[in-house]
Amino acid sequence: MEKTNINENRRFDLGRDFRYRIFSVLMKWETVLILILTAVVITNSFLSPYFLDPVNLLDTTFNFSEKAIIALLMAFVIIAGDIDISVASIVALSSVFMGMASAAGADAPTLVVIGLLSGLAMGSLNGYLITKFKIPSIAVTLGTMSLFRGIAYAILGDQAYTKYPEGFDFFGQGYIGDSPIPFELVLMAVLALGAGYILHRTSFGRQTYAIGCNLQAARFSGVPVDRIRFQIFAVTGLFCGLASVLLTSRILSTRPNIGTGLEFEVITIVILGGIAITGGEGTMIGVILSTFVLGFLKFGMSLLNVPGRVMNILTGALLIFAILVPMALKGLRNSVEMKAQKKL
Amino acid sequence: MKDFLKKREVTLVGLIALLFLAVSLRSPAFASLGNLTDILNDTALLIMVGLAQYLVILTGGIDLSVASIMGLSGMCAALVNKLDPTMPIPLVVLIALGAGLAMGAFNGTLVGLAGISSIIATLGTISIYRGAIFLMSGGEWISAHEMTEGFRMIPDAKFLGVSAIIWYMVLVVLLFAWFMNLTRTGREIYALGGNKTAAKYVGIKDKKVNFLVFSLSGLVSGFAGLLYVARYAAAQNDTASGFELATVAACVIGGVSIAGGSGTVMGVVLGAIFLGIINNALTVINLSPFFQMAIQGFVILAAIVANTIMAQRSERLALARRVL
């Protein structure tokens, strides 16, 4: 109750209290992530001599660039208070469409266009069903998750597409010029900058937060809620299509089970990045930091020959931990704030 | 509202009858008694776990970890049976139940007591439970010859000519019908899903109810996991993977609102049977089993859209009546 009684003046004083300011920077989730990232890098470089090799580190980004690209948009989805669990299935079905086109003799640029467009179409279907019929996003994407992957299975069965045209392997395997910098990493960085700009510097981003904080209030304030949610889901589909192009080009094979479990890893990245599952909170920097935390953690563990299933236990625990800790921190911050108030 | 709910189940029975007729016209073998028993045998697990899922969805949450709980408790039971074949079967059943309950209670602690959203908590516990199966089994399968006869007979033993798995299913359905309709806690679950704030104001302890529904969901899933492993005579890492989707589908088709607060035991049972018939029909009319997932996805979406349109229409009707 006391918290709501602070007037502007005292807020100002509170901000100038040096100890409180240090505390509130320390209590930021991004700071915690930087600390965790540092700890992961230091521990890993002690455990394995191969970890701190620039070429190795750059090459390991291949393993998480595609997930990171989807996570950029998943951040928008979750900030707007929604969720999209169909992303892995969109990746799979886009890949199947590219495989079909490739079997029909399409060249590399056409394949990219097909991948992107099919992703966009599936994302738009999600957005349409969610906004047109006012169905919770979890229900719709649960259905399309099974529908899209089901179509992939219906088309491919136990077969696989493994023939892709010359030059298609560049997107997922290529490097920039002669440098050891992967094309995927550069693409991810550019998209991350763009996503960060849109989320934090444009009215579209602010409206996304507004929807996630309070959908009704946003609607009454004139935010085109349905249009923005539709656009977010459509672009999420587009980015899944892009991720599908990269993934397919990297492994040059399409099976209907491609990317299984990807939605879980993407959501883990976003939640660990400090985006509140209840919507309206979080930053793009957090998402990018958590991409690297998880990516380097997995890289370190794979150097130590930890089996994938065991890594999953750790990721699952980390996901739960990532929610519990900010909740505890918030409680702590509130109580410190109260104490600081009392002192004034 | 009551008429509307009643209508929902009637519609579903009509749909099932229609589907039934269409498939048996195409291939008469479908309607044979043997095949019908097969359908019921195959659907029994979906009905049980579907009811567990229904409990959680009623409160406005979702339990994505039911399939992994099935996998882990099935593995526990199979492992115990393999290591000590002399252990009495009731004890093995208790171990599976205990494992399921413990996992459910862990979910319940995260969701109910710590207040984590159910989808995230159970997404996290999926990988923990699946990982635990790997750690316990070392990635190995436990196959039929490593299980005792008694273990494999848990779901298959016949009583009055009907296999045990169906009796268990009937028992679970009756227990659920009693619990949801005739006990105070059951009604509290509905109240909480219908309007959380109002439920709190009338003194319903939401944390306790959330903890309870996840624990019960774990308990039922644990039992189903044992039956699954014994029935298919194999315990592996991916036991029952993807089953969580089928349970949600059964609920949604059965008219359970994903937003919580409405749905019936009978609806879930009919929804599961509807899915079971579709799956069985695919093999009977010689359609590739690879179509199963796509059809399931389509049916889920169609059911959700139908549910929403019907709910919106009844809301509008209620509003119009109030205006008059």
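Predicted model: local features only at pLDDT ≥ 70, side-chain atom pairs only at ≥ 80, totals over all residues.
**Entry 1. Chain A as a whole**

I began with the secondary structure of chain A and counted 16 helices and 0 strands. I then looked up the extent of the C-alpha trace, which spans about 75 × 55 × 35 Å along its principal axes. For the radius of gyration of chain A I noted 22 Å; a compact globule of 344 residues would have a value near 20 Å, so the two agree. Next I asked what share of the residues of chain A is buried. Of its 344 residues, 51% count as buried. Finally, I looked at contacts in chain A with a separation of 6 or more, and found that residues 24 or more positions apart account for 79% of them.

**Entry 2. Where chain A meets chain B**

I turned to the interface and asked how many residues take part on each side. On the side of chain A there are 39 residues, in contact with 37 residues of chain B. Between them the chains bury about 3200 Å², and 85% of this area is on carbon and sulfur atoms. I recorded which residues of chain A lose the most area to chain B: they are A:Leu142, A:Arg309 and A:Ile320, which together make up 20% of what that side buries.

Helix α8(A) gives the most, with 14 residues. Sorted by class, the side of chain A that touches chain B has 28 nonpolar, 7 polar and 4 charged residues.

**Entry 3. A helix in chain B**

I moved to helix α8 of chain B, residues 184-194, and listed its buried residues: B:Gly186, B:Glu188, B:Ile189, B:Tyr190, B:Leu192 and B:Gly193. I asked what these buried residues pack against. Their partners in chain B are α2 (33-58), α7 (164-182), α9 (196-201) and α10 (206-232).

In helix α7 of chain B I looked up B:Leu175. B:Leu175 and B:Leu212 lie 37 residues apart in sequence, and their C-alpha atoms are 15 Å apart in space.

**Entry 4. B:Asp63**

I located B:Asp63 in the loop between α2 and α3 (66-83) of chain B. Is B:Asp63 buried or exposed? Its relative accessible area is 0%, so B:Asp63 is buried. Apart from neighbours within four places in sequence, B:Asp63 is in contact with B:Gln53, B:Val56, B:Asn107, B:Thr122, B:Phe214 and B:Ser217. With B:Ser217 there is a polar contact between the two side chains, at 2.9 Å. I also noted the C-alpha separation of B:Asp63 and B:Ala121, which is 8.7 Å for residues 58 positions apart along the chain.

**Entry 5. B:Thr239**

I found B:Thr239 in the loop between β4 and α11 (243-253) of chain B. At 3% relative accessibility, B:Thr239 counts as buried. A polar atom of the B:Thr239 side chain lies 2.8 Å from the backbone oxygen of B:Gln236. Leaving aside neighbours within four places in sequence, I listed the contacts of B:Thr239 as B:Ala67, B:Gly71, B:Arg130, B:Tyr228, B:Val229 and B:Ala234.

**Entry 6. Two positive phi angles**

Most residues other than glycine have a negative phi. I therefore noted two residues with a positive value. A:Lys134 has a phi near 55 degrees and is not a glycine. A:Lys134 lies in the loop between α7 (108-132) and α8 of chain A, where it is partly exposed, with a relative accessible area of 49%.

In chain B, B:Ala233 is not a glycine either, yet has a positive phi of about 50 degrees. B:Ala233 sits in the loop between α10 and β4 (234-235). Its relative accessibility is 17%, so B:Ala233 counts as buried, the cut-off being under 20%.

Conventions:
Residues numbered from 1 in each chain as written. Chains lettered and ligands numbered in written order. Heavy atoms only, no water. Contact = heavy atoms within 4.5 Å. Buried area = accessible area lost by both parts, 1.4 Å probe. Helix = DSSP H or I, 4+ residues; strand = E, 2+ residues; numbered from the N terminus. Nonpolar A, V, L, I, M, F, W, Y, C, P; charged D, E, K, R; others polar. Rg over C-alpha atoms; globule rule 2.2 N^0.38 Å. Buried < 20%, exposed > 50% of the residue type's maximum accessible area, 1.4 Å probe, protein only. Polar contact = N/O pair within 3.5 Å; in protein donor to acceptor, adjacent residues only side chain to side chain.
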